[in-house]
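Please keep the sequence and the 3D view open while reading.

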Amino acid sequence: MNNLKRPRALRAGAVRKMGVLLAAAACIGGATLAWSHGDVTPQAVDTSALGSLGKDWKPENPYRGNASAIKIGTSAYNQNCARCHGIEAISGGIAPDLRKIDNDCAALKDAAKKTACVKEMDDYFLTTVRHGRTRNGAVYMPPFEGTMSQEAIWSIKAYLETRRDKPM
Ligand code: HEC
């Protein structure tokens, strides 16, 4: 069970929610098929070039705008996320479009609120990737904790920030 709550400002309207549910339903079939072919095993990511962030999970992305993290994150995304979330993060509808996850923050005018919003989204992102998404016993998204270090996960977020739908 994973009843992860979307940050309040970011909860989608009925239409979007429907889209995600349909997309998720479509994904179960895809994921089952993919599992049976053995090609959705999370891939380890070499982050040695970045050094270590320590063993405690950082509360927000320490790699924003970090060129070498973005490079590592691009390849880590392609190997682990693109099959569901789309090449270059352009979703084909199987899973949510990750270029849009920070859109509600981009819309905020107040700088302090914007910063807080981005931090909240980082937390939402990290929690989702660590634990994956399972509902009623069906795996919508596999957990990556144990395979991917926080260096790898934050690198992927840094890459996704270069793909944002709306500028911050
Ligand atoms: C097997 C397919 C699959 C893979 C692989 C996968 N995801 Fe997902 N992901 C999904 C689905 C489906 C959802 C929507 C789940 C739901 O409705 O609860 C999702 C949701 C998310 C969300 C929440 C999006 C939102 O708008 O609320 C994030 C963030 C995310 N995934 C990031 C990633 C990252 C990063 C990777 C790679 C490390 C990844 N996912 C790999 C299928 C996948």
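At what angle do α2 and α6 pack, and how far apart are their axes? In this predicted model, the two helices pack at an angle of about 95°, with their axes 7 Å apart. Because angles of 65 to 115 degrees count as roughly perpendicular, α2 and α6 are described as roughly perpendicular to each other.

**Contact between α2 and α6**
- On the α2 side the contact involves A69, I70, I72, G73, T74, A76 and Y77, and these meet A152, W154, S155, I156, A158, Y159 and T162 in α6.
- Sorted by class, this contact of α2 with α6 contains ten nonpolar and four polar residues, and no charged ones.

**Helix α2 itself**
- Helix α2 covers residues 67-80, and its 14 residues should span 20 Å at 1.5 Å a residue, which agrees with the 20 Å between its end C-alpha atoms.
- The buried residues in α2 are A69, I72, G73, T74, A76, Y77 and N80, and what covers them includes α3 (82-85) as well as α6 (150-162).

**Residue A106**
- A106 lies in helix α4, which comprises residues 103-106, and it counts as partly exposed because it has 15 C-beta neighbours inside 10 Å, where a buried residue would need 20 or more.
- Leaving aside residues up to four places away in sequence, A106 touches K166, P167 and M168.
- The C-alpha atoms of A106 and C117 are separated by 8.9 Å, the two residues being eleven residues apart along the chain.

Notes. Residues are numbered from 1 along each chain as its sequence is written. This is a predicted model: local features need pLDDT of at least 70, side-chain atom pairs count only at pLDDT 80 or more; totals for chains, interfaces and linings use all residues. Helices (H or I, at least four residues) and strands (E, at least two) are DSSP runs, numbered from the N terminus. The expected span of a helix is 1.5 Å times one less than its number of residues. A residue is buried if 20 or more other C-beta atoms lie within 10 Å of its own, exposed if 12 or fewer, and partly exposed in between; C-beta atoms are placed from the backbone. Two residues are in contact if their C-beta atoms, placed from the backbone, lie within 7 Å. Axes are lines fitted to C-alpha atoms, for helices over the stretch in contact, and angles run from 0 to 180 degrees between N-to-C directions. Angles under 35 degrees count as roughly parallel, over 145 as roughly antiparallel, 65 to 115 as roughly perpendicular and the rest as oblique. Ala, Val, Leu, Ile, Met, Phe, Trp, Tyr, Cys and Pro count as nonpolar, Asp, Glu, Lys and Arg as charged, and the others, Gly among them, as polar.
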